[in-house]
Amino acid sequence: MKKSTFYTLVIIIIAVSTVSCVPGMKYRDLQDTSRHFMNERDDLKTENITLSMSNRELEARIAELEKETVNIKEDLASASRELSRAKEEYNVLSGKYNDLQNAQEALIRGNVSETKKLLSELQAAQENLKNKEDLLRQLEQNLDTKKADLDELTYELEKRNARMAEMEKILDSQKRIVQDLKNKVSEALLGFENRGLTVSMRDGKVYVSLDEQLLFRTASWDIDANGRNALRRLAGVLEKNPDIQITIEGHTDNVPYNPSGSQLKDNWDLSVKRATTVVRVLLEGTKINPKRLTASGRGEYLPVDPLNTATARQKNRRTEIVLTPDLTELYRLIDKY
C-alpha cells in the first residue's frame, strides 16, 4: 500500500444556512462524509499500529541475526583451532616420514626383515599422512563456508542496522518538529492557556484543546470574540507551517441536544457544526490551504472524563485541534524496504 501521507487531507466545507432548514439529501451527504472521514482516521490508526508491529518484528529479526553471528564466530574460532591442530599433526608426521626414509636408506643394505618392517611403517605413515591431508582440506573448506556465512549475515545485519538508524533519524526529526510546533503554538496562545485552553503532545501530534466556554455559548455554534482571538493567533502559526495537517474535532457531553426548532438533531450534529465553524474562522483572512484542514464531529462518544457529573460534562464539552507533521519521508523509507 502506498503511504504518501499520514492522513488523507480533505476539507469539508459545509454551507449551512442559519435561517433555513438543511434539505434532507444534503444532510444525509454530510452524514456520509463524516462517517467516511472517521473510517479513514481509524484506518490510519490501524496503519500506525501495523508500522509499530513491523518495527518490533524488525528489531526481533536483528536480535536473531546478531545471535546467529555470534554462533558462527564461535564455530569459526573452533574450526580455526582444529585446523591449527591438524597442521601441527601434519608437521609431526612429515618429520617422522623423513626419519623413516633416512633409516630405510641406512638399513637397505642390512637386515632384510628390518627393512621390510621399516617399509611397512613407512607405508602406514604415508597412508596416515594422506588421511591427514584429506582432513586438512575438508577443514579448510568448512572454514571457507563458515566465513562466507558470516560475511552474508554481517552484510544483512549492517543493512538492517542502517535502516534502523535512518528510521530513528527520521523519527527524531519528527519529534523535534512536533516539539518546535508545540512551543510555537504555546507562545502564540500565551494568555489563553489555563483559561479554557491547553496545548499538549500525544502520539507524535500537537493537541490544542479549547473548552466550550472559550468558544461557544451552551447549545450554540457561534464563536464569541475571545474565542475568535485565540483562533486567529493559532491561524498565524499554522499559516507559517504549511507542512502541518490540521484536524478539528468537535466534542459534546452526554446530555441530549434537541432544542425545538433547531436545524440540528442531536449532539453529533452539534459537534460537526462547531468543528466546521472553527474551520471557517481559521481560514478567514489567512493563506492557509483548505486542503490541509479536516473537520469532524465526535459527539459524546470520546469523553475525556467518563463520570456522569457536572464537572465531567464540562470537561467533555470541548473542541480539539489536532496538528500532525508530514510523515511522507517516513512512509517513503518504509516502502523502500
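**Reading helix α5 and its surroundings**

Tutor: Helix α5 has 17 residues and reaches 25 Å from its first C-alpha to its last, close to the 24 Å expected at 1.5 Å a residue, where the expected span is 1.5 Å times one less than the number of residues. Helices (H or I, at least four residues) and strands (E, at least two) are DSSP runs, numbered from the N terminus. This is a predicted model, in which local features need pLDDT of at least 70 and side-chain atom pairs count only at pLDDT 80 or more, while totals for chains, interfaces and linings use all residues. Residues are numbered from 1 along each chain as its sequence is written, and side-chain values use heavy atoms, with hydrogens and water left out.

Student: How many residues of α5 are buried?

Tutor: Buried means under 20% relative accessible area, exposed over 50%, and partly exposed in between (1.4 Å probe, protein chains only). In α5, 15 of the 17 residues are buried, so the helix is mostly covered.

Student: Which residue caps the N-terminal end of α5?

Tutor: That residue is D266, which has a side-chain oxygen 3.2 Å from the backbone nitrogen of W268. After the helix comes G285, whose phi is positive, near 70°.

Student: How is a pair of aromatic rings described?

Tutor: The description uses the distance of the centres and the angle of the planes. Rings of Phe, Tyr and Trp (its six-membered ring) pair if their centres lie within 6.5 Å, and planes under 30 degrees apart count as stacked, over 60 as edge-to-face and the rest as tilted. This structure holds one aromatic pair: the rings of W268 and Y301 have centres 5.0 Å apart and planes at 50°, so the pair is tilted. The pair links distant parts of the chain, with W268 in α5 and Y301 in the loop between β4 and α6, 33 residues apart. W268 is partly exposed, at 34% relative accessible area, whereas Y301 counts as exposed at 55%.

Student: Is S296 buried or exposed, and which residues is S296 in contact with, leaving aside its neighbours within four places in sequence?

Tutor: S296, which is in strand β4, has a relative accessible area of 5% and is therefore buried. Contact means heavy atoms within 4.5 Å, and, with neighbours within four places in sequence left aside, the contacts of S296 are T247, I248, E249, G250, S271 and A275.

Conventions
Polar contact = N/O pair within 3.5 Å; in protein donor to acceptor, adjacent residues only side chain to side chain.
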